[in-house]
There are 2 protein chains.
Amino acid sequence: MTTATDNLFCPEQQFYGPDSEKIYIQGSIHPIKVGMRSIKLSQSYRIQGEEFSTFPLYDTSGPYSDPSARLDLAEGLSCTRDEWHGNRNDLEKSPATRPSPMNGRTPLRAKEGKPITQMHFARKGIITPEMEYVAIRENQQLESWIEKFSPNGRSFKPVTPEFVREEIAKGRAIIPANVNHPELEPMVIGKNFRVKINANIGNSALGSSISEEVEKSVWACRWGADTVMDLSTGKNIHQTREWILRNSPVPVGTVPIYQALEKVGGRAEELNWEIYRDTLIEQAEQGVDYFTIHSGILIDFLPAAARRTTGIVSRGGSIIAKWCRAHNRENFLYTHFDEICEILRAYDIAISIGDALRPGSIADANDEAQFSELKTLGELTLKAWEHDVQVMIEGPGHVPMNLIEENMQKQLEYCHEAPFYTLGPLVTDIAAGYDHINSAIGGTLLASLGCAMLCYVTPKEHLGLPNKDDVREGVIVHKLAAHAADLAKGNPVAWLHDNLMSSARYAFAWNDQFNLSFDPVRTRQVHAENSPDKTGKIMEDNFCTMCGPDFCAMKKSQEVTGKP
Amino acid sequence: MTTATDNLFCPEQQFYGPDSEKIYIQGSIHPIKVGMRSIKLSQSYRIQGEEFSTFPLYDTSGPYSDPSARLDLAEGLSCTRDEWHGNRNDLEKSPATRPSPMNGRTPLRAKEGKPITQMHFARKGIITPEMEYVAIRENQQLESWIEKFSPNGRSFKPVTPEFVREEIAKGRAIIPANVNHPELEPMVIGKNFRVKINANIGNSALGSSISEEVEKSVWACRWGADTVMDLSTGKNIHQTREWILRNSPVPVGTVPIYQALEKVGGRAEELNWEIYRDTLIEQAEQGVDYFTIHSGILIDFLPAAARRTTGIVSRGGSIIAKWCRAHNRENFLYTHFDEICEILRAYDIAISIGDALRPGSIADANDEAQFSELKTLGELTLKAWEHDVQVMIEGPGHVPMNLIEENMQKQLEYCHEAPFYTLGPLVTDIAAGYDHINSAIGGTLLASLGCAMLCYVTPKEHLGLPNKDDVREGVIVHKLAAHAADLAKGNPVAWLHDNLMSSARYAFAWNDQFNLSFDPVRTRQVHAENSPDKTGKIMEDNFCTMCGPDFCAMKKSQEVTGKP
């Protein structure tokens, strides 16, 4: 291990703690193994007639939580996915590109006329290793669990590899997995799967270094980020992205127009299709798994945007708007959409069609500008699907609670059930300093209605760049939102998780409560600070400092009911 | 000023900052003046054709934010409310009780046969000073503002003194205001008013002192708590409450059974009606504004509670359940309900009928135990109304997102639209360490559907007693939830507030953004830490560190649209 690695894996970050271990579940169709965190419970809990003394958790931390993994940030993670596919005859080495300076691997792309996207295979009826991987990972495939733990009972759909294939074939789900990101542990985004969260990282011209951003990226995965987006806009964009990708077990998304703009010195009007196309290919060969592309903002929509309280608040959108006005021409990401799809298709990169006109204030929510663009995103979805390109749709933004449901309904209707990926929504404009919570409130409601992935917001939103603490806070708060939405949707594993937690609470099993919480480090620490003698030792008595011995409701409740 | 006062008003707490001042609005019917915080904006903003260079904010901080107020924690605040009523002939001095050791005032109570409750006056068609006070305070009375700023337009009801009176007469709103809490600035709780929040304070047997709890109480009001509940269960209950009441500009609630239990040495089975009754009177004469009383848990409901995952999690409820089982008799708070109402009526104390069977886990949400009790709470509501006693109803607890709407509907139906006052609901069981956010998520949805007051939850919930930082965090996060619900309900002042914030954001007016946020101290601090030269000086350029100059969407948007 290098010093850089040592810095990243300080004891604080080993949050699995003493009662958890990394386990792997083998595939039955493909040579895959899916990592999970298994919690060893201090006692056996009987839930709906079934006994649990361990509990497996969905795990986004990749090899970083595996004590047997060999980690070196300068080399990157193992290229495990390359091994799953055996000798593929549909890929070729990219002749124009140099091997990765980190692991020496030469980028691959689809051979001419050979489609390789997950959507292509799904439509052909083929279950790929990625599909089986995510089916196991979702951990919902047991029909008996659905019957026992989902309050919806049999109406919840079991996640089998075949179900994953069907959802991808219909465009209702995506697996962002560039062939050039072999370090990736595949995950699925769609409304019939667990709600996912994304963490944005990346520097701006005014701060942060490569090592800080790589550290934030790994840190985000350890706390639960399902994907990360590298939104760097400052110097060293290419190199920062290389480091992040080679060390990332989760899909990495980018907004390629940021790098394109750097290439023309920050002058939007000097952008052109060729520069943008070359940037797409450069990033595709590095292994970016999904691109945010603002193809839906049309010159006709700009007058409606100009009438708004906060105009255009999407960085990519404002760049395109400026270009359109400077040249008085239609958005080149719209006019070149077919060519964009051809590139994405060659690497199996998903497109996250950007909402350039998302509202930046509740006054602008659900307005003409927003919904005009959303309809266009729906048209572009159908076009991308013609190319077998996987699609998700980006969404708001700032939306008050009473307008959230309309957003979800219109997205499903206009965009043909392509997965919805949203920033928040923030339910008020005045929560600076607390916008992560603002976003979690709107996000929980939207996700419970069908939004597939929430983009985290940190406490620094509207104020500055997040640091590591902000990343952790943003990730956990949005995991909370995603999990609460899973419960609302009747996910049996989510219900089982809560049932175990409450059983542990009622049994005063403090260690189990810590381990089953979103943040075992924090719960242990807070509880220790509040132990009567401040020594940090876990109380063995059946009460805590909140109420003291005479006022513990659970203690009394057990005396009354004779349980447990 | 005493040293104690100096300790409380350290510079950190003077969060009004340089651009705000305390203003007072005079009543037109009664000799009242309503305090508000007026923000001086750095420029004039044009919103819907109207110009704003100042903005008045609802203010719960009382005299503590008035530089001209004379403050001495050992004496308490001025007895302003005593002056509003002139020479009342419906009150008498309580003969059996000694004057307050702090301000020397002798407790008052209604003369025999003279009803004095707000509900009594409302039903008689009388607008009290308290009713006019809250009408001004809600700041929604301008019909022109409703038309301009509420997205619902004319369907939002203007808050006039007469409207307040009607809502109270119907039992749809309450003004908790004990005649023995003359330091109080009245506030209204009801679904047609701003959503309110309560902060729980109070020590347990295992920690905290009187001065700490008084400090937390004042601290909670300064950050925005609309009421505080003193839930002390340890030593010095009486004295702690006296200090809190005499220094509280907001209504104070208690759960009298906690003190009654202390009187019998913590042995629930030794409780009896006489001890409880005397405790009610003791607290009534001190000035408690509302009592949580668990009259709705009946012996018949205990088998359903025993079948639950987490049994009974209400402290008061578990005490009563234990008493019922020990004596095999019906809940004495149910059998003596008429006598309870007679006591409350003599001081105009509101009853907050406790939900002893609120679910403590999502597995128990909306179950037989919960809804059986809720129906009983509805019956008790009608009985209290016969005595002209103001009522609110306490609610969950732990409820997943998909079951929240049913809770609100059933409460409105069973409890005849009496205001709903809820703890959360928490939308998952596994968020220990982040339960304030968990509660804000459920609370925002419930309040947007009609819940009138949210009880805050702090980051320490399920783990320990909150400290001052936790109180601030809990208060602000629930203010966020309440405000987001107000927006969803179309409150014109809430919309105006957000519009001003977004206009300030689009104008890069940083100071206005700080002042219009929930927490000007934190926003200023975070922004300063992120300024490029770390000096803390506010940036004058039209961008910030989040995006840097080339990637600022708002800057580009203005270049494109020609605004502002």
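How many residue pairs are in polar contact between chain B and chain A? The count is 22 residue pairs, both residues at pLDDT 80 or more, where a polar contact is a pair of N or O atoms within 3.5 Å; within protein, one atom must be able to donate a hydrogen and the other to accept it, and residues adjacent in sequence count only if both atoms are side-chain atoms.

This is a predicted model, in which local features need pLDDT of at least 70 and side-chain atom pairs count only at pLDDT 80 or more, while totals for chains, interfaces and linings use all residues. Residues are numbered from 1 along each chain as its sequence is written, chains are lettered from A in the order in which they are written, and side-chain values use heavy atoms, with hydrogens and water left out.

**Interface and salt bridges**

By class, the side of chain B that touches chain A has 48 nonpolar, 32 polar and 18 charged residues; Ala, Val, Leu, Ile, Met, Phe, Trp, Tyr, Cys and Pro count as nonpolar, Asp, Glu, Lys and Arg as charged, and the others, Gly among them, as polar. Each chain is represented in the contact, with 98 residues from chain B and 98 residues from chain A, contact meaning heavy atoms within 4.5 Å. The two chains bury about 8500 Å² between them, 70% of it on carbon and sulfur atoms; this is the accessible area (1.4 Å probe) that two parts lose on being put together, summed over both.

Across this interface there are 2 salt bridges, a salt bridge being a side-chain nitrogen of Lys or Arg within 4 Å of a carboxyl oxygen of Asp or Glu. B:Glu559 and A:Lys322 meet in a salt bridge at 2.5 Å, N to O. Over all chains, the count comes to 68 salt bridges. Within chain A, A:Lys196 pairs with A:Glu138, their closest N and O atoms being 2.7 Å apart. Because A:Lys196 lies in strand E8 (residues 196–201) and A:Glu138 in helix H4 (residues 129–138), this pair ties together parts that are 58 residues apart in sequence. Helices (H or I, at least four residues) and strands (E, at least two) are DSSP runs, numbered from the N terminus.

**Pockets**

A pocket is an open set of points on a 1 Å grid over the protein atoms alone, where a 1.4 Å probe fits, with protein on both sides within 12 Å along at least five of seven lines; lining residues have an atom within 4 Å of a point.

| Pocket | Volume | Lining by class |
|---|---|---|
| Largest pocket | about 980 Å³ | 4 nonpolar, 8 polar, 15 charged residues |
| Second largest pocket | about 540 Å³ | 12 nonpolar, 6 polar, 6 charged residues |

Volumes are the space filled by probe spheres set on the points, which are joined across faces, edges and corners. Of the 27 residues that line the largest pocket, the closest to its centre are A:Glu473, A:Arg522, B:Asp469, B:Glu473 and B:Arg522. The second largest pocket has 24 lining residues, with A:Arg308, A:Thr309, B:Arg46, B:Ile47 and B:Ser503 nearest its centre.

**Backbone features**

The peptide bond from A:Pro396 to A:Gly397 is cis, with omega near 15°, and A:Gly397 is placed in the loop between strand E13 (391–395) and helix H16 (404–414) of chain A. In chain B, the bond from B:Gly424 to B:Pro425 is also cis, with omega near 10°.
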